Protein chains: 2
Amino acid sequence: MTLTGESFIGRERARSTTTFRAVEAASGRTLEPPFHEANALLVDRAAELAWSAFQSYRESETQQRAQFLESIAEQIMALEEELLARVAVESSLPRARLTAERARTVNQLRLFAQELRLGGWRRVRVDPALPRRIPLARPDLRQYQVAIGPVAVFGASNFPLAFSVAGGDTAAALAAGCPVIVKGHPAHPGTSELIARAITAAANAIGMPAGVFSLLQGASHALGAALVSHPRVKAVAFTGSRSGGLALMRIASQRPEPIPVYAEMSSINPVVLLPDALVQGAETLAERFVESVTLGTGQFCTNPGLLIAMNSPALDRFVSATAAAMERVSASVMLTADIAQAYAAGVERLQQHPQVSVVGRGCDTPGLVGGRAALFAVDANTMLAHAEITEEVFGPSSVLVRCTDVSQFLKVLQHLEGQLTATLHFAQTDTDLARSVLEVLEGKAGRLIANSWPTGVEVSHAMIHGGPYPATSDGRSTSVGTLALERFLRPVCYQDFPEALLPQPLRDEIFASLPHRYDGEYRSP
Amino acid sequence: MTLTGESFIGRERARSTTTFRAVEAASGRTLEPPFHEANALLVDRAAELAWSAFQSYRESETQQRAQFLESIAEQIMALEEELLARVAVESSLPRARLTAERARTVNQLRLFAQELRLGGWRRVRVDPALPRRIPLARPDLRQYQVAIGPVAVFGASNFPLAFSVAGGDTAAALAAGCPVIVKGHPAHPGTSELIARAITAAANAIGMPAGVFSLLQGASHALGAALVSHPRVKAVAFTGSRSGGLALMRIASQRPEPIPVYAEMSSINPVVLLPDALVQGAETLAERFVESVTLGTGQFCTNPGLLIAMNSPALDRFVSATAAAMERVSASVMLTADIAQAYAAGVERLQQHPQVSVVGRGCDTPGLVGGRAALFAVDANTMLAHAEITEEVFGPSSVLVRCTDVSQFLKVLQHLEGQLTATLHFAQTDTDLARSVLEVLEGKAGRLIANSWPTGVEVSHAMIHGGPYPATSDGRSTSVGTLALERFLRPVCYQDFPEALLPQPLRDEIFASLPHRYDGEYRSP
């Protein structure tokens with residue numbers, strides 16, 4: 001089936017008078033077809049349709065909603081080569097990565113389906129009536145979590161499948177019972193259209209209301225602003241730049257009815273190298289670090305953009321080995337020309353910085369719009385005094401902060417902003433120092449990693465992909481893993497209602513079959 | 001012990017050059033001693049001390065923290081007559097109410113202690129390593145919830161014990177592992193000082209770090225603004241007016257590091273009277289309604305400020321009976337002269353409104369700064385067109401919205417803003433209509449009440465005292481009940497750490513003894 005370039009307003013398609021084009025990053029060649037830029041009128045139609053769908057979708061049977069998610073996964077797999085070919089040309093990402101990302105995307109949908117069937121997501125709490133309590137009787141109180149309303153999801157450029165139209169935010173919101181309106185990322189509109197087709201087919205197959213899903217195509221900021229401003233939209237999920245996330249936070253907080261924004265924005269993912277870990281394996285650490293920092297041309301939210309270590313001969317060995325390993329890595333095409341330019345500018349800025357030295361560069365590849373790896377070094381006092389040195393450079397670049405002693409080293413850690421991840425490399429003999437480091441890092445990051453690397457995010461129950469500001473707009477949440485569902489729920493308490501008027505999950509025979517709390521006691525059937 | 005009028009900065013006391021006075025609302029008489037107005041310097045000292053205490057307090061043993069909460073409860077009871085006498089004169093609330101409120105306050109502290117001991121509040125999730133998984137091994141992932149940081153608590157005027165210095169917000173934040181800085185309400189500074197003394201005594205007895213609690217006395221907005229702006233403060237809890245809550249939300253969102261604000265602001269708590277409930281018991285409903293709307297001179301967040309019903313002879317009976325019952329209720333002193341004036345102005349505004357009619361007034365009591373009850377009536381179309389008619393009037397006032405038919409009735413319900421509570425009175429024969437009403441109301445309120453009244457909030461596991469904006473700033477939370485603890489937590493994931501470096505709750509032998517999820521499965525030991 002050919003692409004039409006239209007937006008999806010529930011089951012209908014919509015065009016407009018303005019269009020934009022997808023571009024093959026590697027060649028700069030524009031791709032067919034033109035895509036219609038959605039406008040405020042379409043935002044309004046999608047939002048009203050989502051609101052109308054919300055009234056029935058939030059009450060849909062858990063089983064039916066689980067089937068919907070699984071059907072989306074099936075429909076995505078059924079797109080087969082058409083999907084893989086389009087996303088490859090739009091993203092310039094290699095086939096093996098895209099196949100893996102597709103697997104992650106469909107497994108994510110299936111995990112949320114499984115989570116729904118486990119039933120604990122309702123978080124039911126029942127406090128039975130105590131009619132004879134003195135001085136006052138206690139009413140029957142039953143609490144559960146309900147869907148918050150239509151959710152605006154902003155697709156990310158760097159995961160055109162797993163963090164885009166049918167990515168983690170969409171899966172979590174749909175699982176929670178919230179209709180989703182996606183603002184597609186303009187770097188991969190063809191991919192977005194194909195995935196929207198899969199979601200719409202699944203919605204039709206399972207008999208979901210029309211407005212449960214819409215896709216608005218567009219390259220303008222005005223489109224995103226109109227979506228976040230719409231009164232029917234009750235939450236926002238975003239993955240992207242700090243400036244983009246801050247803009248959405250501002251719009252959301254200034255609405256007549258402010259709404260929550262879950263923006264995953266920027267993180268430099270510090271990697272802390274403790275002394276004996278370096279002594280025991282500087283060369284291996286260097287190789288693994290270069291693999292992690294250059295993976296996917298460094299275009300991961302969890303890319304290790306900062307190394308922190310104390311000066312030692314072992315650290316010098318690490319630096320030499322890193323420089324040597326980096327030289328062997330060829331530059332590769334980045335997701336878009338804009339990203340490649342921003343990366344080049346960021347690297348140039350560090351290169352020209354009088355107090356920053358270049359200690360490693362990747363190998364250049366002529367002709368490619370390329371992300372050429374870079375490692376810089378700076379002493380701790382300079383890092384502490386110059387915030388611009390540790391600003392995120394999106395791509396395969398990292399900065400090593402050299403500390404003179406433990407006290408300076410801990411000071412550097414305390415100085416860090418909020419992060420998605422923080423990684424610690426330590427030997428057995430570093431354990432005491434590791435403990436002090438962890439005390440600081442737990443307050444800084446959503447995920448702490450031992451003797452490994454931050455790239456690679458498991459989609460599971462215990463994963464946290466989030467962290468204190470500015471890593472995200474809301475450190476109390478995660479955008480990966482089943483806990484992500486809770487972002488789109490709110491609690492409601494029913495007092496003294498008869499069975500006939502209680503929502504299904506709060507009725508005697510139903511809640512007893514779910515994980516729940518009864519008079520405070522935790523019960524797992 | 002006499003009152004000193006000082007603020008509490010951890011274990012130290014602080015004075016300043018500016019003072020303010022407590023006032024006996026009934027007489028207008030100023031009370032001894034003068035209270036020192038805390039300034040930005042004291043905010044900074046309290047916040048730095050809280051930050052320093054946070055480093056050890058967040059890691060304190062659950063058992064020790066539970067004892068701390070219980071010790072606060074004991075110390076409050078030990079204040080005996082000194083406390084009751086002072087709060088009575090400062091608040092003008094009757095003794096029986098204050099004794100009950102004190103019981104609620106100490107029971108609340110004890111409930112959080114019990115919640116800590118149950119252990120589920122950590123919300124531990126463990127996904128064990130799958131080293132042989134194809135294509136990629138899964139690491140060991142362990143998630144739990146950690147304290148967010150120092151919390152600023154704003155005491156409310158209407159519950160000088162249960163929503164003030166040692167109220168629900170303080171209890172929840174301390175339980176979560178967060179130091180608390182209270183900005184005391186200037187309407188009851190003596191009560192605040194006594195309670196702060198109790199908390200400080202408990203902190204000393206249990207060996208808590210000095211900065212775990214501070215009390216800043218003051219009447220100025222600048223003090224609150226300085227507190228919410230301070231970089232060491234990581235969350236805000238507030239109960240009060242909509243304008244006050246909005247001001248704090250604005251300050252918090254404009255900080256370099258935005259922080260969550262849990263503001264419980266305004267709610268008119270609609271009470272929906274279905275036709276057959278009125279037919280069967282108009283007179284009893286009227287009596288109970290008047291009791292609820294005048295309880296505590298109407299100074300409850302859950303006061304029933306709106307009645308919604310369809311025109312019928314039974315509704316006319318309800319109106320007559322309400323008018324008669326209201327006439328028998330004497331006006332009583334309100335919390336402060338400001339509140340009494342605002343109430344009088346609000347009632348006057350409705351009385352003068354050309355499309356609003358007065359259907360009942362309480363009995364005036366000469367000489368008292370009094371809250372005289374009032375019931376107004378308006379037709380549904382007028383209510384839909386005039387937002388000012390349903391603005392909260394804090395005190396014993398309510399507006400009856402008369403609807404002509406079911407469709408108009410549902411339109412009125414859909415028109416409502418977010419509420420703390422929504423109450424439904426129905427007979428068995430109203431069940432079908434009740435179901436349609438509940439579908440609308442679930443999206444509007446945090447607590448739904450069947451055939452009872454909204455005043456009276458149980459402190460338990462299943463309670464929700466919260467609701468969509470503008471009832472609160474964050475409808476995903478509650479300020480009463482054990483779920484309130486989660487407002488001050490954030491999740492962290494540990495990847496691949498050895499036992500020796502894992503936090504206690506994530507170690508094998510510990511997590512197995514707590515309610516937790518293992519590879520997704522719910523387990524309750």
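Predicted model: local features only at pLDDT ≥ 70, side-chain atom pairs only at ≥ 80, totals over all residues.
## Domains of chain A

The domain assignment divides chain A into two parts. Domain 1 covers 7-121 + 146-265 + 477-487, and domain 2 covers 270-450. The C-alpha centres of domain 1 and domain 2 of chain A are 33 Å apart. Eleven residues from domain 1 of chain A and eleven residues from domain 2 of chain A make the contact between them. On the domain 1 side of chain A, the residues touching domain 2 comprise three nonpolar, six polar and two charged residues.

## Contact between the chains

Chain B places 53 residues in contact with 53 residues of chain A. Several elements of chain B each contribute at least two residues to the side that touches chain A: strand 5 (124-127), strand 6 (141-147), helix 14 (431-441), strand 20 (445-450), strand 21 (489-495) and strand 23 (521-523). The most is given by strand 21 of chain B, with six residues. By class, the side of chain B that touches chain A consists of 25 nonpolar, 14 polar and 14 charged residues.

Strand pairing also links the two chains. Strand 21 (residues 489-495) of chain A runs parallel to strand 20 of chain B, and three bridges join them. Here Gln495(A) stands opposite Ile449(B) of strand 20 of chain B.

An open sheet of twelve strands with mixed pairing has the order 15(A)-17(A)-18(A)-13(A)-12(A)-19(A)-20(A)-21(B)-6(B)-5(B)-22(B)-23(B). Its edge strands are strand 15 (357-361) of chain A and strand 23 of chain B, each of which pairs on one side only. From one strand to the next, the twist averages 20°.

Strand 19 (residues 419-425) of chain A pairs with strand 20 (residues 445-450) of chain A in the parallel sense, over five bridges. Gln419(A) stands opposite Ala445(A), which lies in strand 20 of chain A.

## A seven-stranded sheet in chain B

Chain B has an open sheet of seven strands in the order 2-1-9-8-7-10-11, again with mixed pairing. Strand 2 (12-14) and strand 11 (261-264) of chain B each have a single partner strand, so one side of each of these edge strands is left without a neighbour in the sheet. Neighbouring strands of the sheet are turned against each other by 20° on average, direction ignored.

Strand 7 (residues 151-154) and strand 10 (residues 235-239) of chain B run parallel and are joined by four bridges. The bridge partner of Val151(B) in strand 10 of chain B is Ala235(B). Helix 6 (residues 189-206) of chain B packs on the sheet, where this helix touches strand 1 (7-9) and strand 9 (213-216) of chain B. The direction of helix 6 of chain B makes about 165° with that of strand 9 of chain B.

## Helix packing in chain B

The axes of helix 3 (residues 80-91) and helix 4 (residues 95-118) of chain B come within 10 Å and cross at roughly 120°. Helix 3 and helix 4 of chain B are therefore oblique to each other, and helix 3 of chain B passes helix 4 of chain B in a right-handed crossing. Leu84(B), Val87(B) and Ala88(B) of helix 3 meet Arg95(B), Leu98(B) and Thr99(B) of helix 4 in this contact. These residues divide into four nonpolar, one polar and one charged.

Helix 9 (residues 275-294) and helix 10 (residues 313-327) of chain B pack at an angle of about 10°, and their axes are 8 Å apart. Helix 9 and helix 10 of chain B are therefore roughly parallel to each other. Residues of helix 9 of chain B in this contact include Leu278(B), Val279(B), Leu285(B) and Phe289(B), while those of helix 10 of chain B include Leu315(B), Phe318(B) and Met326(B). By class, the contact of helix 9 with helix 10 of chain B has 14 nonpolar, one polar and three charged residues.

## Backbone features in loops

Most residues other than glycine have a negative phi, and most peptide bonds are trans. The bond from Glu32(A) to Pro33(A) is cis, with omega near -10°; Pro33(A) lies in the loop between strand 3 (19-20) and strand 4 (35-36) of chain A. Another cis peptide bond joins Tyr469(B) and Pro470(B), with omega about 5°. Pro470(B) belongs to the loop between strand 20 and strand 21 of chain B.

Asn451(A), a residue other than glycine, has a positive phi near 50°. Asn451(A) is found in the loop between strand 20 and strand 21 of chain A.

Notes
Residues numbered from 1 in each chain as written. Chains lettered and ligands numbered in written order. Domains from an automatic or database assignment. Contact = placed C-beta atoms within 7 Å. Nonpolar A, V, L, I, M, F, W, Y, C, P; charged D, E, K, R; others polar. Axes fitted to C-alpha atoms, helices over the stretch in contact; angles between N-to-C directions. Parallel < 35°, antiparallel > 145°, perpendicular 65-115°, else oblique. Left-handed = near helix turned anticlockwise from the far one by under 90°. Pairing = 2+ DSSP bridges.
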